[in-house]
Structure formats: structure tokens, C-alpha cells
Amino acid sequence: MITTKNLKNPIFCIVAMNEYRIIGDGKNLLWHLPGDLKRLKKITMGSPLIMGRKTWDSIGRPLPGRANIVLTNSISWRADGAIVVNSFKDAIIKADEWIQVNLEINQNIIQKKIFLFGGAEIYKIGLKYCNNIEMTKVKSDIKTGIKFPKLNENDWEKTKIEHHFEINGVPEHSYWRYTRII
Ligand SMILES: NC(=O)c1ccc[n+]([C@@H]2O[C@H](COP(=O)([O-])OP(=O)(O)OC[C@H]3O[C@@H](n4cnc5c(N)ncnc54)[C@H](OP(=O)(O)O)[C@@H]3O)[C@@H](O)[C@H]2O)c1
């Protein structure tokens, strides 16, 4: 059985959502935050990402410098640059293997961390294994769409890292780090 205590490498969740916990419309993100995309790249570079097949489809290509591990129920689905798995347990096994192999090649650029990359179905499966969430909170009135699971607010210590006001059509947003208390 997988628990946060027996993971070889910790799993960090990374997400951008609005105050209604909306993360996308099922196909795409609902905002364009160039600064957040740069931040996401910096945070995740050198790590395996675990994502659902729909999130893979929404990105449409592998993210370079990272393992792109894609969960699907299909036994025949393939895509260039995707490491395909049919269970969350296999996703973790592949992520650990990727870290081990790549650490031997270049230990300077590999992080001993796995990222839970979304979307909602994958957050729902993997959040219980995460002690940390890198969360971008976006000011947006959209109330319908794909939702991040509801967190028990008392379980998390929340630290605000940075705040950005609306500028040039980029909505107001802030970066938060959530750390599990227990
Ligand atoms: N704002 C953010 O931070 C963020 C991050 C990521 C994604 N998103 C957005 O989220 C939306 C997509 O999220 P979503 O919840 O609809 O889809 P998703 O979680 O990306 O993918 C769902 C798919 O994952 C596969 N899957 C789920 N559970 C599985 C299991 N236990 N075993 C094997 N395969 C499994 C299935 O693929 P098959 O159908 O192939 O079987 C399922 O259809 C998009 O709009 C995207 O832009 C936002």
C-alpha cells in the first residue's frame, strides 16, 4: 500500500485555480498567466510529472526536461514523449525509476521529487500522498468547469509567497505554498 511515509520520492501537488476551485474547462486552462507558466517550469524542471490523459491532450506535447507520465485506462493509447501507465501505483514506480536513472546521468538537474500535475481526476487520486501543494490562486469569476478537490483547510499551513495585481489583461493572482500539518 502506498503512503506518504513509504514513498521513495515525495509527491508535490502543483495547481492553479480560482476561488471556486475551478482549474479548467475540461479541455484547456481558463486564463493565461505567462509568469505562472515560467514559475511552473522552474519548479518542475528535472522532475517526473504525473498527469491524466485529458491534461496531456490539453497540452498536446511533452514538457521538456521532465518525465511526462500519463495515466489512462486504455491499454493501447500511446503518444510520443509520454510514459503511459494504467494505475497510479505504476505512475509512482515509473517516476521513481526515471529519477534513479536520470540522477545517474546528471545529478545536478534532477530533483528527487514527483509532481502531481492534474487534472481534477488525478488530483483526486493523488492528493492524499502529497504533503505540499504549490498553489496559484487566480482572481476569476468563472464558477463552472473542472474543479480541484475540496481541501480540509485545517490540515494545511498556508504561506503566501508572492502577489501580482492585474496588469495588461493578466488577472490578479498569487502564489501560495500549502504544507500538510499532520
Ligand atoms: N489549473 C491547473 O493547474 C490545471 C492542471 C492540470 C489540468 N488542468 C485542466 O484540467 C482539465 C482536465 O482535467 P480532468 O479532470 O478533466 O482530466 P485529467 O485528470 O487530466 O484526465 C482524466 C483521464 O485520466 C485517466 N485516468 C483517471 N483516473 C485513472 C485511473 N485510476 N487509472 C487510469 N487512468 C485514469 C483517464 O484517461 P482515459 O480517458 O484515457 O482512460 C481519464 O479520462 C483541463 O481543462 C486542463 O486544462 C488544470
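The model is predicted, so local features are reported at pLDDT of at least 70 and side-chain atom pairs at pLDDT 80 or more, while totals for chains, interfaces and linings use all residues. Residues are numbered from 1 along each chain as its sequence is written, and side-chain values use heavy atoms, with hydrogens and water left out.

The cysteines come first. A disulfide is a covalent bond between the sulfur atoms of two cysteines; here the term is applied to a pair of cysteine sulfur atoms within 2.5 Å. Across the whole structure, the search returns zero disulfides. For Cys-13, the closest cysteine sulfur belongs to Cys-130 and lies 5.2 Å away, which is too far for a bond. Seen from Cys-130, the closest cysteine sulfur is likewise that of Cys-13, at 5.2 Å. Cys-13 is buried, at 0% relative accessibility, where buried denotes under 20% relative accessible area, exposed over 50%, and partly exposed the range in between (1.4 Å probe, protein chains only). Cys-130 is also buried, with a relative accessible area of 0%.

The charged side chains form five salt bridges, each being a side-chain nitrogen of Lys or Arg within 4 Å of a carboxyl oxygen of Asp or Glu. One of them joins Glu-134 to Arg-39, with the closest N and O atoms 3.3 Å apart. This pair connects distant parts of the chain, since Glu-134 lies in strand β7 (residues 130-138) and Arg-39 in helix α1 (residues 34-44), 95 residues apart. Helices (H or I, at least four residues) and strands (E, at least two) are DSSP runs, numbered from the N terminus. Both partners, Glu-134 and Arg-39, are buried.

Glu-134 takes part in a further salt bridge, with Arg-177, at 2.9 Å from N to O. Here too distant parts of the chain are linked: Glu-134 is in strand β7 and Arg-177 in strand β10 (residues 173-180), 43 residues apart. Glu-134 has 7% relative accessibility and is buried, whereas Arg-177 is partly exposed at 35%. Through shared partners, the salt bridges unite Arg-39, Glu-134 and Arg-177 in one network.

Another salt bridge lies within a helix. Asp-57 and Arg-53 meet at 2.7 Å, N to O. Because these residues are four apart in helix α2 (residues 53-59), about one helical turn separates them. Asp-57 is partly exposed at 44% relative accessibility, and Arg-53 is partly exposed at 30%.
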